[in-house]
Amino acid sequence: MDRETLNRRGFLKIGSAAASGLVLGFYMPEKMGRGILRAQGPFAPNSFVRIAPDDAVTIIVNKSEMGQGVYTSLPMLLAEELDCDWSRIRIESAPARAEYNDPMMGEQTTGGSTSVMSSWEPFRKAGATARALLLQAAATGWGVDAKSLRTENGVVHHDASGKKATYGELSERAAGLPLPADVPLKDPKDFKLIGTNVRRLEGRDKVTGAAKFSIDVRLPGMLTAVVAHPPVCGGTVKSYHADKAMAVKGVVKVKPISTGIAVIAKDFWTARVAREELEIVWDDGPNRMVSTEAARAEYRGLASQPGTVAENEGDAEKAIASSAKRIEAVYEVPYLAHAAMEPLNAVAHVQADRCDIWAGTQYQTMDQRVGAAITGLKPEQVFIHTTLLGGGFGRRANLTSDFVSDAVEVAKGEGVPVKTIWTREEDIQCGYFRPMFVHKLSAGVDANGMPTGWHQRLVGQSIAQGTFLEPFMMKEGIDMSSVEGAAHMPYAIPHRRVESHNAAKTISVLWWRSVGHTHTGFVNECFFDEVAYAGGQDPFELRRKLLQNEPRHLAVLELAAEKAGWGNPLPEGRARGIALRKSFESYVAEVAEVSLDPDGEVRVHKVVCAVDCGIAVNPWNVVAQMESAIVYGLTAALYSELTIDKGRVQQSNFHDYPVLRIDRMPEIEVHLVKSTEPPTGVGEPGVPPIAPAVANALFALTRKRVRKLPIRMSEAV
């Protein structure tokens with residue numbers, strides 16, 4: 001079938017081998033919207049469903065499973081329309097090929113909370129088309145009208161005659177039929193599977209330890225490597241001596257690669273010990289004097305100067321100047337590491353005519369690209385075997401595929417598979433980081449306590465500037481990810497102005513779970529609280545007043561407040577705070593209940609979350625995503641900060657870059673807004689409201705403002 005036919009019909013029957021039964025692929029139409037990358041040329045088919053004679057239904061998923069539940073949610077979409085037996089569903093990870101590209105991003109990647117959003121219609125169409133072929137196969141065989149048939153749980157029934165056949169029994173005949181031109185989708189009111197609570201298909205393996213992450217990959221003859229990376233971002237190796245490292249028993253080789261010096265050994269520990277024996281003289285490069293203190297001072301200076309305008313509605317400066325009351329504040333958020341539980345790693349086996357890569361990755365297209373560039377092979381000769389990910393948060397989707405490129409460079413020429421492991425220290429000190437930002441804000445309120453104007457100026461490194469993403473993510477000098485959630489706030493404040501400065505690029509920065517909303521969510525929702533207080537208004541009630549034209553924002557706000565008992569008395573020493581954010585097309589409001597321990601440490605007792613993410617495909621999964629996002633966001637709010645001195649990151653592992661421990665875990669309630677809208681993101685939208693909800697609660701408790709993360713009450717003002 002040629003590409004023209006494929007694009008016209010939208011579906012592709014991949015094969016009809018008797019041993020395989022019915023095999024279908026399907027085409028995802030390009031969608032406009034939030035995409036950061038666009039495909040060059042027409043899209044190819046990008047996912048497959050196989051129905052075998054033994055009734056097994058295998059769904060090949062083109063998204064990476066990093067804990068967000070996509071290995072269950074996407075099969076649910078297809079199975080709903082296929083009307084198959086859910087217990088017969090099997091999943092496979094898609095190989096790296098153009099036909100598996102994400103229709104919104106134009107490449108094979110997982111991020112931006114887009115997996116269900118972008119797959120909502122195509123996966124359902126694939127299931128509906130497969131079902132139509134099976135119905136026609138039964139009708140042809142039985143000599144009846146297909147309209148007289150029905151399907152149920154993987155079986156086609158002809159009630160008039162009592163005949164029935166399983167999908168497996170019909171699969172070979174279905175594979176020989178022409179594709180239907182158009183297949184209607186179910187009315188959502190007829191859904192049987194979508195909207196129900198379904199256990200994750202990979203969950204049992206994770207609980208029992210049977211699940212395979214890339215760190216678990218073992219291959220015959222495999223060696224293990226670690227790489228000594230420069231301690232300063234942008235540094236290089238000036239010289240090295242490997243005699244002592246080579247003397248460690250079990251070391252196979254020491255070899256320089258483009259990012260440092262690799263030690264290859266029989267196992268990880270041997271390689272790790274030998275790496276410490278390397279004698280390396282580093283050239284620290286242009287960033288040798290970089291420090292967060294100096295950068296912060298520079299950012300504060302820039303924040304006092306006009307920046308590039310991201311939004312200008314009315315005349316904010318004039319409105320604020322003529323207000324009954326004017327308030328000003330400066331907010332700061334630090335550099336952050338992703339700190340995934342599974343350390344970065346990948347296995348590469350480079351041979352003369354192919355390169356195999358096993359990796360828990362979010363960016364197969366880039367991995368394949370860098371694998372081809374390093375080996376000199378064609379991209380189609382580079383095979384990506386995607387494993388489960390032990391946490392991603394954006395780190396495993398960077399623009400250089402650094403952990404994969406290291407693995408391929410190390411393995412090249414070795415003739416055997418080599419697993420290259422980054423230690424957590426390596427990742428935290430030499431990886432990619434969420435940018436540090438400084439925001440300067442001013443606002444005015446009138447005599448009735450209503451906001452009159454809002455002026456915000458923010459400074460931080462752009463994650464897109466100077467990269468191949470610049471044409472897609474930047475517009476007239478504005479990195480859209482830097483100002484997302486700051487520009488075009490939902491609140492009906494008549495005069496608004498938002499400006500941005502792109503700070504000098506010093507260290508490597510990258511998206512971090514929820515991207516720009518992680519800092520704009522904290523800053524804007526906290527400063528809004530300041531505005532409410534300055535006007536003598538309840539922060540929840542002021543939000544309500546200013547969201548009358550934003551019904552979905554309003555609905556989650558009111559639901560969260562109602563479920564949290566907003567306004568009801570709390571035990572002495574406790575207080576509530578509220579925050580709201582739309583991100584990744586979903587709406588989330590959170591109410592945090594806090595107190596202070598006798599030693600001044602913040603304790604979050606309870607978080608009530610309300611979310612509108614359109615149709616909740618698997619409600620259990622939506623709840624789990626909100627819970628995990630709150631944990632991740634609380635970790636950042638209470639503990640996380642990277643500091644840099646003389647170019648070196650001063651933190652290294654969980655002892656000085658801690659995560660939320662179980663004894664500090666709050667009670668969490670999640671409430672879903674019922675919706676008939678198409679599904680939107682759930683992997684990230686739960687993060688942005690938690691830090692401001694906690695900070696606002698602390699103000700309600702102490703009358704001190706938290707304007708800097710992580711929260712330290714000693715720095716509150």
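Which helices each supply at least two residues of the lining of the largest cavity? In this predicted model, they are α15 (517-534), α18 (619-638) and α19 (690-702).

## Cavities

A search of the whole structure gives four cavities of 30 Å³ or more. The largest cavity holds about 130 Å³ of space. Its lining consists of 17 residues, and those closest to the centre are Thr518, Gly633, Ala636, Ala691 and Leu709. Sorted by class, the lining of the largest cavity has 13 nonpolar, three polar and one charged residues.

The second largest cavity contains about 80 Å³ of space. It is lined by 15 residues, and Pro435, Phe437, Ile463, Ser481 and Val515 lie nearest its centre. Here the lining divides into seven nonpolar, six polar and two charged residues.

## The five-stranded sheet

Five strands make up an open sheet with mixed pairing, in the order β14-β24-β21-β20-β15. The edges are taken by β14 (308-313) and β15 (325-333); each has a single partner strand, so one side of each is left without a neighbour in the sheet. From one strand to the next, the twist averages 10°.

The partner of β15 is strand β20 (residues 437-445), and the two pair in the antiparallel sense over nine bridges. Within this pairing, Val330 stands opposite Lys440 in β20. Helix α8 (residues 292-303) packs on the sheet and touches β15, β20, β21 (451-460) and β24 (495-502). The direction of α8 makes about 140° with that of β21.

Strands of a sheet pair through backbone hydrogen bonds, and the pairing is either parallel or antiparallel.

## Two buried residues

Leu278 sits in the loop between α7 (268-277) and β13 (279-283). Its relative accessibility is 9%, under the 20% cut-off, and Leu278 therefore counts as buried. Apart from neighbours within four places in sequence, Leu278 is in contact with Ala228, His241, Ala242, Ala245, Val254, Ile261 and Val263.

Is Thr72 buried or exposed? Thr72 belongs to helix α2 (residues 70-82), and at 1% relative accessibility it counts as buried. With neighbours within four places in sequence left aside, Thr72 is in contact with Trp86, Val198, Arg199, Arg200, Leu201, Glu202 and Asn618.

Conventions
Residues are numbered from 1 along each chain as its sequence is written. This is a predicted model: local features need pLDDT of at least 70, side-chain atom pairs count only at pLDDT 80 or more; totals for chains, interfaces and linings use all residues. Side-chain values use heavy atoms; hydrogens and water are left out. On a 1 Å grid over the protein atoms alone, a cavity is a set of points where a 1.4 Å probe fits but cannot get out, and a pocket is an open set with protein on both sides within 12 Å along at least five of seven lines; lining residues have an atom within 4 Å of a point. Grid points are joined across faces, edges and corners, and a volume is the space filled by probe spheres set on the points. Helices (H or I, at least four residues) and strands (E, at least two) are DSSP runs, numbered from the N terminus. Ala, Val, Leu, Ile, Met, Phe, Trp, Tyr, Cys and Pro count as nonpolar, Asp, Glu, Lys and Arg as charged, and the others, Gly among them, as polar. Buried means under 20% relative accessible area, exposed over 50%, partly exposed in between (1.4 Å probe, protein chains only). Contact means heavy atoms within 4.5 Å. Two strands pair if DSSP finds at least two bridges between them. Axes are lines fitted to C-alpha atoms, for helices over the stretch in contact, and angles run from 0 to 180 degrees between N-to-C directions.
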